[in-house]
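Subject: Structure handover

Hello,

Here is the structure I promised to pass on. Please have a look at it first; my notes on what turned up follow below.

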Amino acid sequence: TMKAKELQAMNKNELETKVADLKAELFNLRFQLATGQLQNTMVIQGVKRDIARCMTVLRQLEQKDAQ
């Protein structure tokens, strides 16, 4: 899992890339879940939280730029 401090150190492009990568990973994890290959289902929850953290930091950057 990513820490909020690590994400805040990234720029907007890096965060957008990270979100895209995490969404692709989430898709793959859901596919594994559907086919019965996923052992630890908590991984899905962790990836969702990482996506949410990235989106939150992106939103904070947008608000800071708007000021």
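From the N terminus on, the elements of the protein run α-α-α. That makes three helices and zero strands; both kinds are DSSP runs numbered from the N terminus, with H or I over at least four residues for helices and E over at least two for strands.

Before the details, two notes on the source. This is a predicted model, where local features need pLDDT of at least 70, side-chain atom pairs count only at pLDDT 80 or more, and totals for chains, interfaces and linings use all residues. Residues are numbered from 1 along each chain as its sequence is written, and side-chain values use heavy atoms, with hydrogens and water left out.

Overall form

Of the 67 residues, 25% are buried. Buried means under 20% relative accessible area, exposed over 50%, and partly exposed in between, with a 1.4 Å probe and protein chains only.

The core

The largest nonpolar core has 16 residues, and Leu7, Leu15 and Val47 touch the most other members. Helices α2 (12-35) and α3 (42-66) each supply at least two residues of this core. The largest share, seven residues, comes from α3. Such a core is a set of buried Ala, Val, Leu, Ile, Met, Phe, Trp, Tyr and Cys residues joined through side-chain atoms within 4.5 Å.

Leu15 is in contact with Leu7, Met10, Val57, Leu58 and Leu61, leaving aside its neighbours within four places in sequence. Contact means heavy atoms within 4.5 Å. Among contacts between residues at least 6 apart in sequence, 63% join residues at least 24 apart.

Asp50 sits in helix α3. Asp50 is buried, with a relative accessible area of 7%. Not counting residues up to four places away in sequence, Asp50 touches Thr1, Met2 and Leu22.

Ala66 is also placed in helix α3. Ala66 counts as exposed, at 68% relative accessibility. Ala66 and Asn40 are 26 residues apart in sequence and 41 Å apart in space, C-alpha to C-alpha.

Best wishes
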